[in-house]
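Let's take a walk through a protein together. Have a look at the fold below, then read on.

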Amino acid sequence: MSTAMSMSLRLRLSCALLVLANLAGCAAMVPQRDDGAFAATPPQEPESAPPADGAIYHEAQGMELFNDPRAHRVGDILTIALVESTQASKKATTSTSKKDKTDIGAPTLLGQSVTLNGKPVTIGTNGDRSFDGSGNSSQSNQLTGQITVTVARRLSNGNLLVRGEKWLTINQGQELVRISGIVRPQDIGQDNSVSSTRVADARIAYTGRGSLADANTQGWLSRFFSSKWMPY
């Protein structure tokens, strides 16, 4: 095989590896739509069919004529109002300084000072060290909107484990909102809604994919040069 053919083959292999790495990086950042953990939870089916005895009401039918329409069973629907707003800032400044100075006089031997080339032998050290450091960091986030979820589980203390997701397809992009957490029945309003600030252990995700998301994403090679693996 000639040198030119060998160089061409190496170039093709390098390009193929770069394309595969790029596709892998993009695939890792694209949210997966089919996620069973956030799928809607259907209501629990009765263990047995109600007896055909002609009665209007049976407990297995789940008819609740006088109860609140607010969510309280597995499979019920609940609306969560997203009112998330966070802001954090941090500032640190450090300044240190230290100076050392030591002088040792010429030693004496038999009452005479020790000399070298006619000069007294003395020892002296000087040290001067200083450090100045400062740092500033600030971050703010805001998310508003509404998302309707289902009750996935009713806990032993009566609290509700809720979760759900919402997909929005707009032009050439898709937006995804996901939320899961624990809600107290007492915090649910008369309109069957609850604020996201009342959701315990809340996990909220807002992301997207499409042309706009791709244009706003740093390339994999740029991310590599900005990672901790770069020594510079």
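Is T41 buried or exposed? With a relative accessibility of 14%, T41 counts as buried. Here, buried means under 20% relative accessible area, exposed means over 50%, and partly exposed is in between (1.4 Å probe, protein chains only).

A quick word on where this comes from: the model is predicted, so local features need pLDDT of at least 70, side-chain atom pairs count only at pLDDT 80 or more, and totals for chains, interfaces and linings use all residues. Residues are numbered from 1 along each chain as its sequence is written, and side-chain values use heavy atoms, with hydrogens and water left out.

**The overall layout**

The protein has 3 helices and 10 strands. Helices (H or I, at least four residues) and strands (E, at least two) are DSSP runs, numbered from the N terminus. Reading from the N terminus, the order is α-β-β-β-β-β-β-β-β-β-β-α-α. Of the 232 residues, 19% count as buried. The accessible surface comes to about 18,000 Å², and 53% of that belongs to carbon and sulfur atoms. Accessible areas come from the Shrake-Rupley method with a 1.4 Å probe, and for residues only the protein chains shown count as cover.

Contacts tell you about the fold too. A contact means heavy atoms within 4.5 Å. Take the contacts between residues at least 6 apart in sequence: 66% of them join residues at least 24 apart.

Setting aside neighbours within four places in sequence, T41 is in contact with V74, G75, T150, V151, A152 and R163. T79, on the other hand, is found in strand β1. Leaving out its own neighbours within four places in sequence, T79 touches Q146, I147, T148, N192, S193 and V194. How far apart in space are T79 and T150? Their C-alpha atoms are 8.5 Å apart, while in sequence T79 and T150 are 71 residues apart.

**Salt bridges**

Side chains of opposite charge can pair when their charged atoms come close. A salt bridge is counted when a side-chain nitrogen of Lys or Arg is within 4 Å of a carboxyl oxygen of Asp or Glu. A search of the whole structure finds 4 of them, and the table includes some.

| Pair | N to O distance |
|---|---|
| D100 and R129 | 3.2 Å |
| E165 and R178 | 2.7 Å |
| D187 and R184 | 3.0 Å |

In the D100 and R129 salt bridge, D100 lies in strand β1 (residues 77-104) and R129 in strand β6 (residues 123-154), so the pair ties together parts that are 29 residues apart in sequence. D100 is partly exposed at 35% relative accessible area, and R129 is partly exposed at 43%.

E165 and R178 also meet in a salt bridge, which links E165 in strand β7 (residues 160-170) with R178 in strand β8 (residues 173-183), 13 residues apart. E165 is partly exposed at 23%, whereas R178 is buried at 11%. As for R184, its relative accessibility is 41%, so R184 counts as partly exposed.

**A nonpolar patch**

Which residues make a nonpolar surface patch of about 490 Å²? They are L221, F224, F225 and W229. Patches are made of residues with over 30% relative accessible area and no salt bridge: like charges are joined within 9 Å, nonpolar side chains (Val, Leu, Ile, Met, Phe, Trp, Tyr) within 5 Å. W229 is in the segment after α3 (220-225), and W229 counts as exposed because its relative accessibility is 66%.
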